[in-house]
Amino acid sequence: MKFLIVLAVATATVAFPLASEEAIEVQTAWNAVKDNQADMLYAVFKDYPEIQDKFPAFASQDLEAIKNSEAFTSHAKRIFGQLSSIFDQIGVDSNEEEIKASLERIGETHRNRNATKEDFGKFRNALTKYVASRVTWNENLAAAWNKTFDGIFEIIFSKLAE
Ligand code: HEM
């Protein structure tokens, strides 16, 4: 009996898959901003210059001068394109394994890039602020958004160093 209770608690902490209504809330908000990739990367770097400094192509450069460059836009498209493909898959039980595998890969590649849990937390803060100021943000959306990021980060963090 004790074992079953432990198992139930452990299962409940896995945030994926989301309920489909929660996923739709997140996807609707994301769809409103997902094409602003360079603008979102700019928002992250503006709030956290220390994250910009971890990108070899942009470290120590003047953000205002690089924000419209081809290199900046193509980096932004790769990063937010990957996030978009994860957001597209949430809310469907049968996608669970594929989501997990993609997130583990992000954790592994970013571990090699010296990205920390704290960096990911900052990235999340800046992105959430960006989205919340551009869509109708309410309690339900905030809860679904946070649940999504908690789930995403739990898997990425399992592969990252401290
Ligand atoms: C959920 C959040 C994130 C996603 C989905 C993401 C995704 C990506 C993708 C798709 C790439 C390029 C393709 C690749 O080589 O893997 C990339 C590159 C990179 N990411 Fe992230 N990333 C995220 C957060 C972060 C954070 C918080 C940092 C902070 C240090 C970071 C640092 C880097 C660096 C340094 C590169 C290499 C850029 C280069 O090629 O010069 N990423 N990321």
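This is a predicted model: local features need pLDDT of at least 70, side-chain atom pairs count only at pLDDT 80 or more; totals for chains, interfaces and linings use all residues.
**View 1. Helix α8 running alongside helix α9**

Zoom in on α8 (residues 117-132) and α9 (residues 139-157): their axes come within 11 Å and cross at roughly 160 degrees. Since angles over 145 degrees count as roughly antiparallel, that makes α8 roughly antiparallel to α9. The crossing of α8 past α9 is right-handed. On the α8 side, the contact is built from Lys117, Phe120, Arg124 and Thr128. Facing them from α9 are Trp145, Phe149, Phe153, Ile156 and Phe157. Sort the residues of this contact by type and you get 6 nonpolar, 1 polar and 2 charged.

**View 2. The buried residues of helix α3**

Now for α3, which spans residues 37-47. Its buried residues are Gln37, Met40, Leu41, Tyr42, Val44 and Phe45. What do the buried residues of α3 pack against? Their partners are α2 (20-33), α4 (49-52), α5 (63-66), α6 (70-89) and α8.

**View 3. The shell around the ligand**

There are 17 residues around the ligand, and those that come nearest are Lys54, Gln82, Ala115, Asp119 and Phe123. Which helix gives the largest share of this shell? That's α6, with 4 residues. At least two shell residues come from each of α6, α7 (96-111) and α8. By type, the shell splits into 10 nonpolar, 3 polar and 4 charged residues.

Note on methods:
Residues are numbered from 1 along each chain as its sequence is written. Axes are lines fitted to C-alpha atoms, for helices over the stretch in contact, and angles run from 0 to 180 degrees between N-to-C directions. Angles under 35 degrees count as roughly parallel, over 145 as roughly antiparallel, 65 to 115 as roughly perpendicular and the rest as oblique. A crossing is left-handed if the near helix is turned anticlockwise from the far one by less than a right angle, and right-handed if clockwise. Two residues are in contact if their C-beta atoms, placed from the backbone, lie within 7 Å. Ala, Val, Leu, Ile, Met, Phe, Trp, Tyr, Cys and Pro count as nonpolar, Asp, Glu, Lys and Arg as charged, and the others, Gly among them, as polar. A residue is buried if 20 or more other C-beta atoms lie within 10 Å of its own, exposed if 12 or fewer, and partly exposed in between; C-beta atoms are placed from the backbone. A residue is near a molecule or strand if its C-beta atom, placed from the backbone, lies within 6 Å of it.
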